[in-house]
Amino acid sequence: MSGVYTAVALVFFALAVNGATIRETRQLLQSPCPEGSFLKKHDQSCMVCDEKCAIGCVDEDGCTECVSGFYTSRNDNSWPFLCKECAIENCVQCRNEIYDAWDQQCVECAPGYVQGKNRKSCVPDGSVGGVEAVKEVTINVAEATSTEVGGVSIEIQAGVGIGSGESPSPEESPSTPEEETVTCPEGTFVKTKDNTCMDCDANCVEGGCTDGIGCNQCKAGFYRSAVDPFWPFECKECTIENCEVCEDAVFDAWPKFCTKCVEGFEVQDRTTCTPIAVPEPVVEPTPEPIVEPTPEPIVEPTPEPIVEPTPEPVVEPTPEPVVEPTPEPVVEEPTPEVETVTCPEGTFVKTKDNSCMDCDANCVEGGCTDGIGCNQCQPGFFRSAVDPFWPFECKECTIENCEVCEDAVFDAWPKFCTKCVEGYEVQDRSTCVPVQPAPTPEEPVATPEEPVPVPEEPVATPEEPEAVPVEVQQVETPEPTPSEGACPEGYFREMKQQTCMKCDDNCTSCADAMGCTACKPETKTYRSRHDPFWPFSCVSCPIENCLQCVDGVFDTQPVRCALCGNGTSRYNGGTSCV
């Protein structure tokens, strides 16, 4: 299939930290666990660090880097990272930070080997099936078709096919196919894995599906889930009893978690909803009634003298004291203390582990910000990050004859050129080609049947030849299109659809292909976009008391705060300000 672009999926890579940083982080966070162990997030207990861990463990995350031949893996997002052996033959380093339900992938093969199909094997350099060693071969067939050779899918045109072997001659080389644009009908979206149309899930809100992502919001009682990071989001029913809202945007291999229970129930261990305990009413004891004894009657004897008996004194019983029950003291849970880290000049705060990190040497002076990293690189470099939770560093622009590479990208994305050097122009966003000179009108040439008449007078001298008038046909110049010329002021060129798009009102400036380069600080917005091929726009920061959210992320990723205000500090990795 011609022109199929496979979607770039976000992946999490291992943190590259040294031993000193681990010890400093443990001292800063005051880990309650003894040396050689770490705090496990699931049940807040201490767990011994894996013996195959290279530089030590950190609380909640576990091991951050394993010894050679091992990689970091965990059961689910609530379990710490442990070390697993890389079982791919001839693989030097397996991919870090994956889940046990995912297949192993090799990121670096041994010398003489290259990555095989889907990075699940290492094959000899030059063999069929490698990612980096595919050559060309001529396959003569009667009709245009497609086939698979040695695990490599190939496209075959009439008489010529592209596969593995010797290169065809320049005359036989097929032309580069144009990119295929897929437009899906209403109620469907583009599935980027195979560039086909897929029905929007029936339990997704109306109009809630987006190309390359799937459902953005499910109906009540459902949550978003995907088979793996390369599959679009669909809606699954929340089956946890008495749970009103299940955790959104998870993978099928992960356990379901409840974030909100129905009225009268509360979340316990994120997996169940238990009834809220109702305190028993305090019963006040009823005091016993006071009973006064009746005095005995006075008897007067006859005929003896009347002897008046002395009446017995009236004894009134003392009422029992009323004992009020002492209420139990209310114990308030302590508010977690938030530690504020101040980094020295030339460094900044790395929000993932609340440690100090050196500003990139190729960043402009004073160009680093806490939680973001470098804001502007020196000429010839562009901003890039390992993943959305890693700060931006500076990488060299290696595209030949490119003056400015696209800024603020992730290492998993391809590099794009936004401006070429003088004499070159951008082609397909990935190369710079020489500018073709404009064609000049050709002068008519006299034929033997129609000789050019020469006037008799005056006679032109050799020093001053008479100019023969030539009629030049007027050619209308078409209006410049976004692909051939610049967009008007206040607009930028959107590369996917090749149209001019209006710059966001909350943006300070926009650049072609990239969109918004920086949001206005007073608007309390941050830069976000749908996918790597969509331009940046400004989105309101939803975190209360946050002055600046982390910039340059996808709208499907969790929002994190880079700078808190109003006397608050970052808590739980920047997800809130307390």
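Let's start at a ring: Arg527 lies over the face of Phe536, 4.3 Å from the ring centre. For a charge to sit over a ring here, NZ of Lys or CZ of Arg has to be within 6 Å of the ring centre and within 35 degrees of the ring normal. Keep in mind that this is a predicted model, where local features need pLDDT of at least 70 and side-chain atom pairs count only at pLDDT 80 or more, while totals for chains, interfaces and linings use all residues. Numbering runs from 1 along each chain as its sequence is written, and side-chain values use heavy atoms, with hydrogens and water left out.

Stepping back, the protein chain has 47 strands and one helix; these are DSSP runs numbered from the N terminus, with helices being H or I of at least four residues and strands E of at least two. Of its 578 residues, 32% count as buried, where buried means under 20% relative accessible area, exposed over 50% and partly exposed in between (1.4 Å probe, protein chains only). Take the contacts (heavy atoms within 4.5 Å) with a separation of 6 or more: 31% of them come from residues 24 or more positions apart.

Now for another arginine over a ring. Arg383 lies over the face of Phe392, at 4.5 Å from the ring centre. Arg383 belongs to strand β30, residues 381-385, and is buried, with a relative accessible area of 4%.

Next, look at an open sheet of three strands, ordered β20-β19-β22 with mixed pairing. Strands pair if DSSP finds at least two bridges between them. The edges are β20 (234-237) and β22 (250-251), each with a single partner strand, so one side of each is left without a neighbour in the sheet. Strand β19 (residues 222-226) runs parallel to β22, and two bridges join them. Across that pairing, Ser225 stands opposite Val250 in β22.

What about aromatic pairs? The count comes to one, with rings of Phe, Tyr and Trp (its six-membered ring) pairing if their centres lie within 6.5 Å; planes under 30 degrees apart are stacked, over 60 edge-to-face and the rest tilted. Phe251 and Trp254 make an edge-to-face pair, 5.0 Å centre to centre with 85 degrees between the planes. Phe251 counts as buried at 14% relative accessibility, and Trp254 is buried with a relative accessible area of 14%.
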